[in-house]
Amino acid sequence: MKIGIIGAGSIGLLFASYLDQDFDVTLYTRTKEQAAEINQNGVCVKNGSSEMAALPKAKAFAEWNGTDHLTIITVKQYQLQPIIERIGKLTDDPSNLLFLQNGMGHLELLQSIQGHNLFVGTVEHGALRENLNTVRHNGEGVTNAAVFRGSPERLVEFSSKVPANFPVILRENYYEMLVNKLIVNAVINPLTAVLYVTNGMLVSNPFYLETAKRLTAEVCFILNIENVNAQLKRVAGVCQNTFNNRSSMLKDLENGRLTEVDAILGYLLRVAARNEKPAPLVEALCWMIRGKELDGEGES
Ligand code: PAF
């Protein structure tokens, strides 16, 4: 089975190196330089003190034509637009496209794609890119995937063939799958980024915990989710399990990068506005993160 992977950030490199064990993988990079580096030296995954090398093919994204049996899109939500435009120009048979963005902002973009099989997924691995062709796998998890629209065949085939050390779990309901991840990201990411703390501090500091509880309740209210306690338990569980980790939003700010605030809090604000619901905490946090992005901030 031929797998294309668009985006060679931490998740793209991680997927390329694990999937290369069992599939014919081509990684589509933003720059020709990165493709050249990967073609020459392969991809290296570090996991604790061990290292694994993989030799996927690499090409610049300009060469992507949608003919792989499945293309996995790993770029951030705010980098999707040119890819969606390219998908709109594909003329061959329907492509099979798996989108792995955080948040739910990308669903609004996916609505505009016609005639392809669309899948969405959530990634529970921790990964950090160290350079153009090296990624550190610092949290082993699973990938969840579900059909958003179209025929499921290629996704089912893919999930049955992935290597045992890189599981992909098929979910029935894409909305439930994405909402569960959205709530975790909507609470942990902005609070850790604004408070400048690791995930575990949100449960070990009683004042931060109280803030996390109120934010969880507001997010559940926006999404019409009744069992707030169950969601709070899940959020707290993720904080415990990733106690010493810095959230991706905190790391983005520290590195002067844009964050996924629009895909996460921006999406929630749009849902709240459509339903005329107040969202004061989400709105304030959204402004704070956007302000930090504008400052190019990272408190180092
Ligand atoms: O975005 C992140 O950092 C992660 O999704 C999570 C689960 C919040 C852990 O840090």
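## Terms and basis

A crossing is left-handed if the near helix is turned anticlockwise from the far one by less than a right angle, and right-handed if clockwise. Helices are DSSP runs (H or I, at least four residues), numbered from the N terminus.

This is a predicted model, in which local features need pLDDT of at least 70 and side-chain atom pairs count only at pLDDT 80 or more, while totals for chains, interfaces and linings use all residues. Residues are numbered from 1 along each chain as its sequence is written, and side-chain values use heavy atoms, with hydrogens and water left out.

## Helix 8 with helix 9

Two packed helices are described by the angle between their axes and the distance between the axes. Axes are lines fitted to C-alpha atoms, for helices over the stretch in contact, and angles run from 0 to 180 degrees between N-to-C directions. Helix 8 (residues 206-222) packs on helix 9 (residues 228-241) at about 125°, with the axes 10 Å apart. The two are therefore oblique to each other (angles under 35 degrees count as roughly parallel, over 145 as roughly antiparallel, 65 to 115 as roughly perpendicular and the rest as oblique). The crossing of helix 8 and helix 9 is right-handed.

In contact (heavy atoms within 4.5 Å) are Ala 212, Lys 213, Thr 216, Ala 217 and Cys 220 of helix 8 with Val 228, Gln 231, Leu 232 and Val 235 of helix 9. By class, this contact of helix 8 with helix 9 has six nonpolar, two polar and one charged residues. Here Ala, Val, Leu, Ile, Met, Phe, Trp, Tyr, Cys and Pro count as nonpolar, Asp, Glu, Lys and Arg as charged, and the others, Gly among them, as polar.

Arg 214, Leu 215, Glu 218, Val 219 and Ile 222 of helix 8 make the contact with Pro 280, Leu 281, Val 282 and Leu 285 of helix 12. These residues divide into seven nonpolar, no polar and two charged.

The axes of helix 6 (residues 174-195) and helix 12 come within 10 Å and cross at roughly 55°, in a left-handed crossing. Pro 190, Leu 191, Ala 193 and Val 194 of helix 6 meet Leu 285, Met 288, Ile 289 and Lys 292 of helix 12.

## Ligand surroundings

Lys 181, Val 184, Asn 185, Ile 188, Asn 189, Asn 199, Val 238, Ser 247 and Ser 248 surround the ligand (a heavy atom within 4 Å). A polar side-chain atom of Asn 185 lies 2.9 Å from a ligand oxygen atom.

Methods: A polar contact is a pair of N or O atoms within 3.5 Å; within protein, one must be able to donate a hydrogen and the other to accept it, and residues adjacent in sequence count only if both atoms are side-chain atoms.
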